Amino acid sequence: MRNENFSYLCAAEPITICMRRRLFLSLAVMLAIGTQAKVRLPHMICDNMVLQQQTDARLWGWAKPGNTVRVSTSWMRQGAVVTAKADKAGKWKLTVKTPKASYDALWLTFDDGEGAVTVRNVVSGEVWVCAGQSNMEMPVKGFWGCPVKDYNQTVIDAKNHRGVRSVKIPSTMRMEPQDDADCQWRECSPETVGDFSATGYFFARVMHTALDIPIGLIEANKGGTRVESWLTKENLQKYTTEPTDSAGIVAFKPEYDYQRALLWGNGTFNPILNYTVKGILFYQGCSNVGDPGNQYSERLKLLVEQWRQQFGLGEIPFYFVEIAPFHYDDVNGTAGALLREQQFRAQQLIPNSSLVCTNDLVYPYETTQIHPAQKQQVGERLAFTALARDYGFSQVLYKSSSYKDMTVKDGAVYLHLQDNYHADAPYEQIQGFEVAGDDRVFHPATARHFWQPGGGYWDEAIIVSSPEVSKPVAVRYCFRNFQLGNVSNAANLPLFPFRTDSW
């Protein structure tokens with residue numbers, strides 16, 4: 001996570017200066033349209049882009065007000081065009097039906113009668129958004145002092161995944177929603193893969209292998225951002241106490257600029273909202289650790305509703321990542337655990353969503369490493385989720401097990417888990433459990449398997465006990481800022497951290 005210079009923002013300047021600059025920019029855009037005398041496209045619509053396959057994909061841009069823009073493509077019948085008329089502000093938007101996914105190089109030509117623009121080497125495939133904070137932003141080549149595991153092997157293997165492409169939206173703060181961003185699509189190769197989002201790329205690599213079609217990633221994220229950083233002005237005003245005017249934003253002084261609300265959504269996410277996508281991948285939460293009550297889950301639900309409404313594509317998939325173990329200034333504290341609990345709750349609140357567990361994806365020595373090195377498994381688990389839920393891979397197991405219920409008998413707690421695919425592993429030396437009595441003091445617990453035939457099936461449970469607690473009333477599993485357990489299911493996916501108490 002890096003600090004940014006906030007001085008260039010309109011929010012940090014007198015409003016009159018800001019207004020003059022916006023007026024100057026608007027005049028400059030109008031002048032450019034007039035002098036170039038040809039249709040202008042947003043940077044995202046460019047050579048090498050990936051179109052969402054077999055849908056009505058949106059295309060948009062600017063032209064001289066009143067001009068009719070005609071779009072022709074390599075896959076439409078000869079002479080066929082789709083048209084749109086530029087409004088008084090010079091804006092236009094239309095849709096084209098896209099072909100089935102393939103590696104065939106396609107082209108599109110945009111012509112307003114005064115000059116044509118052709119976009120080449122376009123492919124049709126599956127397009128996913130990579131949103132969130134630094135653990136989504138973290139590239140394959142890593143951050144300074146934060147490596148990604150197996151970097152060299154990833155670079156060497158990249159030649160096998162040239163069907164993966166991505167576009168990185170510059171991380172920019174703006175007071176007003178932006179329609180465009182300075183970016184371009186890039187093809188995956190050993191020379192370029194290092195700059196791809198690591199989590200996004202490892203997701204795309206599995207998808208590319210499984211589907212054998214082009215996969216496009218739109219990287220719209222920023223390290224250190226809070227969930228509030230991506231909410232609109234209207235939602236912030238209605239549901240939060242965050243400042244949304246320039247003076248209030250300047251007066252609000254967080255430790256880092258990346259913690260500011262509103263601005264990142266305006267500058268970094270808004271430019272992609274016209275693009276037609278399949279779904280959203282989200283890795284965020286560290287900067288909201290410490291939020292009270294259910295605030296995080298409610299605001300994440302609000303953000304997903306907002307994005308779905310803005311994209312206008314229905315209830316598109318939203319697959320997100322649990323924050324990894326981290327000390328948060330106190331290894332044995334629970335602030336991080338409470339945020340993970342909020343993420344699990346959000347999964348239950350948000351339709352067509354799924355949460356990836358990462359409790360096993362840190363090394364014991366990464367206590368103070370906010371960017372764990374094991375990004376490959378994070379991306380893979382997101383891909384397993386998408387393949388199983390959206391692409392017909394019914395035999396791919398993607399769920400982590402989670403707490404179901406408990407009973408107390410003879411001084412021990414019998415725990416049942418759900419989504420374990422009939423296997424709680426490991427067989428011996430189970431780690432990560434704590435148990436407490438009425439005094440609410442948790443003690444490290446021993447755990448073992450229990451099987452008992454009954455009703456035509458085997459009752460499988462984990463028995464948890466401690467010699468320090470004769471009458472247990474509550475159990476916790478990895479419910480600390482940094483605590484590593486080892487329970488997994490038949491898919492080798494880790495058990496979600498949980499608590500049975502509400503203390």
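A residue is called buried here when its relative accessible area is under 20%, and exposed when that value is over 50%. The structure is a predicted model, and this cut-off is applied to several of its side chains below.

The aromatic residues come first. The structure holds 23 aromatic pairs. W307 is buried because its relative accessible area is 0%.

A second pair is formed by Y403 and F498, and its geometry is stacked: the ring centres lie 5.0 Å from each other and the planes are 20 degrees apart. Y403 is partly exposed, because its relative accessible area is 24%. F498, by contrast, has a relative accessible area of 7% and so is buried.

Together with W230, F269, F311, F318 and F320, they make up one aromatic cluster.

R40 lies over the face of W62, at 4.1 Å from the ring centre. In a further case, the charged end of K278 sits over the ring of Y391, 5.5 Å from the centre of that ring.

The largest cavity holds about 50 Å³ of space. Its lining consists of L355, V356, C357, R381, T385, Y398, S400, L493 and F496. Strand β13 (353–356) and helix α10 (376–390) each supply at least two residues of this lining. Sorted by class, the lining of the largest cavity has six nonpolar residues, two polar and one charged.

The second largest cavity has about 40 Å³ of space. It is lined by I45, M49, L51, Q52, A57, R58, L59, Y275 and T276. The elements that give two or more residues to this lining are β1 (50–52) and β2 (56–62). Of the elements involved, β2 gives the most, with three residues. The residues lining the second largest cavity divide into six nonpolar, two polar and one charged.

S189 is found in the loop between β9 (185–187) and α4 (198–211). Is S189 buried or exposed? Its relative accessibility is 7%, so S189 counts as buried. Apart from neighbours within four places in sequence, S189 is in contact with A158 and R162.

Key. Residues numbered from 1 in each chain as written. Predicted model: local features only at pLDDT ≥ 70, side-chain atom pairs only at ≥ 80, totals over all residues. Heavy atoms only, no water. Helix = DSSP H or I, 4+ residues; strand = E, 2+ residues; numbered from the N terminus. Buried < 20%, exposed > 50% of the residue type's maximum accessible area, 1.4 Å probe, protein only. Contact = heavy atoms within 4.5 Å. Phe/Tyr/Trp six-rings, centres within 6.5 Å; stacked < 30°, edge-to-face > 60°. Lys NZ or Arg CZ within 6 Å of the ring centre and 35° of its normal. 1 Å grid on protein atoms, 1.4 Å probe; cavity = no way out; pocket = protein on both sides within 12 Å on 5 of 7 lines; lining within 4 Å. Points joined across faces, edges and corners; volume = space filled by probe spheres on them. Nonpolar A, V, L, I, M, F, W, Y, C, P; charged D, E, K, R; others polar.
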